[in-house]
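Please look over the sequence and structure shown here before reading on.

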Amino acid sequence: MDNFFRIRKEKSNYAVWKCLYKRKIVENIKFENGYINEDVLFSYFALLNVNCAVISNLPKYNYFVNGQGITRGALKKQDLSLYYVWDKIVEHTKEYNKKYYKKAALNRERATFTLLSKYVIYGINDYNIFTDRWVEEERGQLREAYGELMKSGYLDIKRKCALTLLCLSPQMLHIILAKVRKIVI
């Protein structure tokens, strides 16, 4: 569980596609229909059934990054399922796994950073949902969690800079990213 919550500053480890599980560990765990980021929820509940895990850094696959995939594209209503997933984990840790409650709650706050970053980088898909009011409410949450997120170890220096700019001005972050893209390309 420490690895799942990145206690020692591990990289994100939620993807199910790269894991091998014994059948008895996952036989009662189902993916919830209609949600993306369900890997996070599945991994959490699978790890509750594990006494021992092996993590290998050996390359065993070739991963193709789809520039138009779920994670790279305009922010859409379905992306809000990231909140649902982390809310369920926070709720579960609060009741049954108290040792990780604060880490789960911090990951829930990080979800706000993730979604606002996606908004700035890729734009939005639905202007009826993602209004200026929504952006300001999310930025307010991010500002409240700013100190904890900066101390957490979850963010490398680039993400800390992005978090700071998101709290100050999403437009500023957007302009800087546009300039960087021009330099890189």
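Between which helices is the loop where Val65 lies?

## Surface patch

In this predicted model, Val65 lies in the loop between α2 and α3. Val65 counts as partly exposed because its relative accessibility is 43%. Together with Trp17, Tyr61 and Tyr63, Val65 forms a nonpolar patch on the surface, and the accessible area of these four residues together is about 460 Å².

## Nonpolar cores

The largest nonpolar core has 36 residues, and those with the most contacts inside it are Phe4, Phe5, Trp86, Ile89 and Leu142. At least two residues of this core come from each of α2 (38-47), α3 (81-96), α4 (101-122), α5 (132-152) and α6 (157-168), with α4 giving the most, namely 7 residues.

When residues up to four places away in sequence are not counted, Ile89 touches Phe4, Phe5, Val40, Leu41, Tyr44 and Ala104.

## Cysteines

The structure holds 0 disulfides. Cys52 is in no disulfide, and the nearest cysteine sulfur, which belongs to Cys19, is 14 Å away; with a relative accessibility of 65%, Cys52 counts as exposed.

Cys167 is likewise in no disulfide, the nearest cysteine sulfur being that of Cys161, 12 Å away. Cys167 is buried, since its relative accessible area is 8%, which is under the 20% cut-off for a buried residue.

How values were computed. Residues numbered from 1 in each chain as written. Predicted model: local features only at pLDDT ≥ 70, side-chain atom pairs only at ≥ 80, totals over all residues. Heavy atoms only, no water. Core = buried A, V, L, I, M, F, W, Y, C linked by side-chain atoms within 4.5 Å. Buried < 20%, exposed > 50% of the residue type's maximum accessible area, 1.4 Å probe, protein only. Helix = DSSP H or I, 4+ residues; strand = E, 2+ residues; numbered from the N terminus. Contact = heavy atoms within 4.5 Å. Patch = residues over 30% accessible without salt bridge, like charges linked within 9 Å, V, L, I, M, F, W, Y side chains within 5 Å. Areas by Shrake-Rupley, 256 points an atom, 1.4 Å probe, with all protein chains shown as cover. Salt bridge = Lys/Arg side-chain N within 4 Å of Asp/Glu carboxyl O. Disulfide = S-S within 2.5 Å.
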